[in-house]
Amino acid sequence: RREGPLVFVDLGKTNGLLPMADQMHSDHYRLGQRLRFYVAKVDQTARGPVIILSRSHPNLVRELFRMEVPEIEAGSVVVKGIAREAGSRTKIAVTSSDEGVDPIGSLVGQRGVRVQTVINDLGGEKIDIIQYNEDPSKYIANSLSPAKVVSVTLTDAENNVALAEVADDQFSLAIGKGGQNVRLAAKLTGWKIDVRS
């Protein structure tokens, strides 16, 4: 049920509270609708404990993939990082501890069925699955996907500043709509990324 900006969710034995900040702008919360939430925290109040839920937390994406991808549960695929703009786009970086396992393929699933299940749970949010790399320049190049990167130069390694060069026709793709692609890549890698064609 709604009370002003707050959404109360029936969790069975108790209710959860979804504050405005943890809602996704693309969600429409309706009576009787079933959704998946991330339990962000449990607050102790004068009236007892309150379960705070989230639809915008990056860990929601992590947990949805964990439910869909047995390789994550088994430990052969490891999620290295998540950058998210809830309701719009997520970048998730994965690697494999087992040489025979393709980490990106594991998350995508046969005919894209695993990633599609997660996308549906998130109301159509776009998901970029990135190959993690210990080498920061390779990781940065991967993180700017779907754009193809020509080269990455670590211009100031001390302050984590890098320059990514892309072909002219890849420039707007690398930047993304409203700068979203490069912003999420920077969040994911922890580097400030300048993109140049």
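## The D10–N15 bridge and its strands

D10 has N15, in β3, as its bridge partner. This pairing belongs to strands β2 (residues 6–10) and β3 (residues 15–18), which run antiparallel to each other and share 4 bridges. Two strands are taken as paired when DSSP finds at least two bridges between them. Strands are DSSP runs of E with at least two residues, helices are runs of H or I with at least four, and both are numbered from the N terminus.

Before going further, please note that this is a predicted model, in which local features need pLDDT of at least 70 and side-chain atom pairs count only at pLDDT 80 or more, while totals for chains, interfaces and linings use all residues. Residues are numbered from 1 along each chain as its sequence is written, and side-chain values use heavy atoms, with hydrogens and water left out.

## The five-stranded sheet

β2 and β3 are part of an open sheet of 5 strands with mixed pairing, in the order β1-β2-β3-β5-β4. At its edges stand β1 (2–3) and β4 (38–45); each has a single partner strand, so one side of each has no neighbour in the sheet.

On its way across the sheet, β3 also meets strand β5 (residues 48–54), and these two run parallel, joined by 2 bridges. Here G16 has I51 of β5 as its bridge partner. β5 in turn pairs with β4 in the antiparallel sense, over 7 bridges. K41, for example, is bridged to I52 in β5. β4 and β5 form a hairpin, with 2 residues between the strands.

The largest pocket has a volume of about 490 Å³. It is lined by 18 residues, of which F8, V9, D10, Q33 and F37 are the closest to its centre. β2 supplies the largest share of this lining, 4 residues. The search runs on a 1 Å grid over the protein atoms alone: a pocket is an open set of points where a 1.4 Å probe fits, with protein on both sides within 12 Å along at least five of seven lines, and lining residues have an atom within 4 Å of a point. Points are joined across faces, edges and corners, and the volume is the space filled by probe spheres set on them.

The charged end of R1 sits over the ring of F8, 4.5 Å from its centre, and that of R55 sits over the ring of F37, 6.0 Å from the centre. The test asks for NZ of Lys or CZ of Arg within 6 Å of the ring centre and within 35 degrees of the ring normal.

D121 touches R36, R55 and L64, leaving out residues up to four places away in sequence; a contact means heavy atoms within 4.5 Å. The C-alpha atoms of D121 and R30 are 15 Å apart, with 91 residues separating the two along the chain.

## Around β6

V78 lies in strand β6 (residues 77–85). With a relative accessible area of 31%, V78 is partly exposed (buried is under 20%, exposed over 50%, partly exposed in between, with a 1.4 Å probe and protein chains only). Beyond four places in sequence, V78 touches A93, V94 and T95. V78 and N15 are 63 residues apart in sequence, and their C-alpha atoms are 32 Å apart in space.

S76 sits in the loop between α2 (70–74) and β6. S76 is buried, at 13% relative accessible area. Leaving aside neighbours within four places, its contacts are E71, T95, S96, S97, D98 and V101.

Helix α7 (residues 180–189) is mostly covered, with 7 of its 10 residues buried. These are Q180, N181, V182, L184, A185, L188 and T189. The elements covering them include β6, β7 (89–96), β8 (126–131), α5 (136–143), α6 (171–175) and β11 (192–196). After α7 comes G190, with a positive phi near 80°.

How many aromatic pairs are there? The count is 1. The ring centres of Y132 and Y139 lie 4.8 Å apart and their planes meet at 70°, so this pair is edge-to-face. Rings of Phe, Tyr and Trp (its six-membered ring) pair with centres within 6.5 Å; planes under 30 degrees apart are stacked, over 60 edge-to-face, the rest tilted. Y139 counts as buried, at 7% relative accessibility.

## The whole chain

The protein chain has 7 helices and 11 strands. Its C-alpha trace spans about 55 × 35 × 30 Å along the principal axes, and 43% of its 197 residues count as buried. Of the contacts between residues at least 6 apart in sequence, 54% join residues at least 24 apart.
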